[in-house]
Amino acid sequence: MKARLLFASQYGFVLLPLLLLECGPGRNVVLSENSAPSAAAASSDNYQIARERMVREQIEARDVRDARVLAAMRKVQRHLFVPEGMLPYAYTDQPLPIGHNQTISQPYIVAFMTEALELKPKDKVLEIGTGSGYQAAVLAELVAAVYSIEIVSPLGEAAMERLKHLGYSNIQVRIGDGYRGWPESAPFDGIMVTAAPDHIPPALIDQLAEGGRLVLPVGRFFQELVRVRRTPKGIKQENLLPVRFVPMVGEADKARQ
Ligand code: SAH
């Protein structure tokens, strides 16, 4: 039963009008260059009921149980991270286009990956692939400090602006290639990657604190969500879920194995 639900959650969105990879290019959707939500949308929260339903039906129903993660998903206003034309879909069970051929991930995947990081309030977390900044905001609700790297500068800059406007003072965004992590601020208790390399970037393992967790999609067409843990006895790796993300670009591309 659980397996069927998980499978449906991963591929269910193909039944919907948009056909998107996690963080992948949108089809049949025209986006305006202005991806900021309107002032009216930003100043009020008319979406609370939709968000509550999203958490209950898409996330809790699929066995995400961590109470802190569920509270963060209830709190962060996803509609403030999508382009205006996508507002009616902000709380639907699918990734959505955010411009530059990228997407904001499906809410369930955001919650699942966040829970898989097993975060504690004092943790310091690195995210590779800032995109809209939504995942960074969810992380920032749960930990002391979030570092996030985005390779597409207009996306990174828009996310920085949005997160600052929303008052997230515990998030730092850097424009660049996340393949080599953020060594000056390492080690990290948690590292999350939201674009898929075909191998685990060695620098990210190096930058894990003792007991730290790294969650990332790995593979080309067929990908697995993998969790790597640094334990006193060494590195432990487990497969969590089959997924479809777009490839990590930059050095990961050149180093494809
Ligand atoms: N977490 C985002 C969604 C990410 S989509 C959100 O919540 O909205 C994946 C992102 O990874 C894209 O924005 C893409 O530009 C970025 N990306 C791809 N390769 C990267 C790399 N090597 N370093 C940093 N960011 C990368």
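The protein contains 9 helices and 9 strands, where helices (H or I, at least four residues) and strands (E, at least two) are DSSP runs numbered from the N terminus. The model is predicted, and local features therefore need pLDDT of at least 70, side-chain atom pairs count only at pLDDT 80 or more, and totals for chains, interfaces and linings use all residues. Residues are numbered from 1 along each chain as its sequence is written. Of the 257 residues in the protein, 47% are buried, a residue being buried if 20 or more other C-beta atoms, placed from the backbone, lie within 10 Å of its own, exposed if 12 or fewer do, and partly exposed in between. Among the contacts in the protein with a separation of 6 or more, 61% are accounted for by residues 24 or more positions apart, two residues being in contact if their C-beta atoms, placed from the backbone, lie within 7 Å.

Seven of the strands are arranged in an open sheet of 7 strands with mixed pairing and the order 5-4-3-6-7-8-9, two strands being paired if DSSP finds at least two bridges between them. Strand 5 and strand 9 are the edge strands, each pairing on one side only, and the twist averages 15° from one strand to the next; axes here are lines fitted to C-alpha atoms, for helices over the stretch in contact, and angles run from 0 to 180 degrees between N-to-C directions.

Within this sheet, strand 6 (residues 188-193) and strand 7 (residues 208-219) run parallel and are joined by 4 bridges, with I191 standing opposite L214 in strand 7. Strand 7 pairs in the antiparallel sense with strand 8 (residues 223-231) over 7 bridges, and a hairpin of 3 residues joins strand 7 to strand 8. In this pairing, V215 has R227 of strand 8 as its bridge partner, while L216 is partnered by V226 of strand 8. In a regular strand the side chains alternate between the two faces of the sheet. Strand 8 in turn pairs with strand 9 (residues 234-243) in the antiparallel sense over 9 bridges, the hairpin that they form having 2 residues between the strands, and T231 has G234 in strand 9 as its bridge partner.

Helix 7 (residues 153-165) has 13 residues and reaches 18 Å from its first C-alpha to its last, close to the 18 Å expected at 1.5 Å a residue, the expected span being 1.5 Å times one less than the number of residues. Helix 7 lies across strand 4 and strand 5 and runs at about 160° to strand 5. The buried residues of helix 7 are L155, G156, A158, A159, M160, R162 and L163, and what covers them includes strand 1 (96-99), strand 2 (102-104), helix 6 (134-140), strand 4 (145-150) and strand 5 (171-175). Just after helix 7, G167 takes a positive phi of about 90°.

Elsewhere, helix 3 (residues 48-59) packs against helix 5 (residues 107-116) at an angle of about 70°, with their axes 10 Å apart. Helix 3 is thus roughly perpendicular to helix 5, given that angles under 35 degrees count as roughly parallel, over 145 as roughly antiparallel, 65 to 115 as roughly perpendicular and the rest as oblique. The contact is made by M54, Q58 and I59 of helix 3 together with P107, Y108 and A111 of helix 5. By class, this contact of helix 3 with helix 5 has 5 nonpolar, 1 polar and no charged residues, where Ala, Val, Leu, Ile, Met, Phe, Trp, Tyr, Cys and Pro count as nonpolar, Asp, Glu, Lys and Arg as charged, and the others, Gly among them, as polar.
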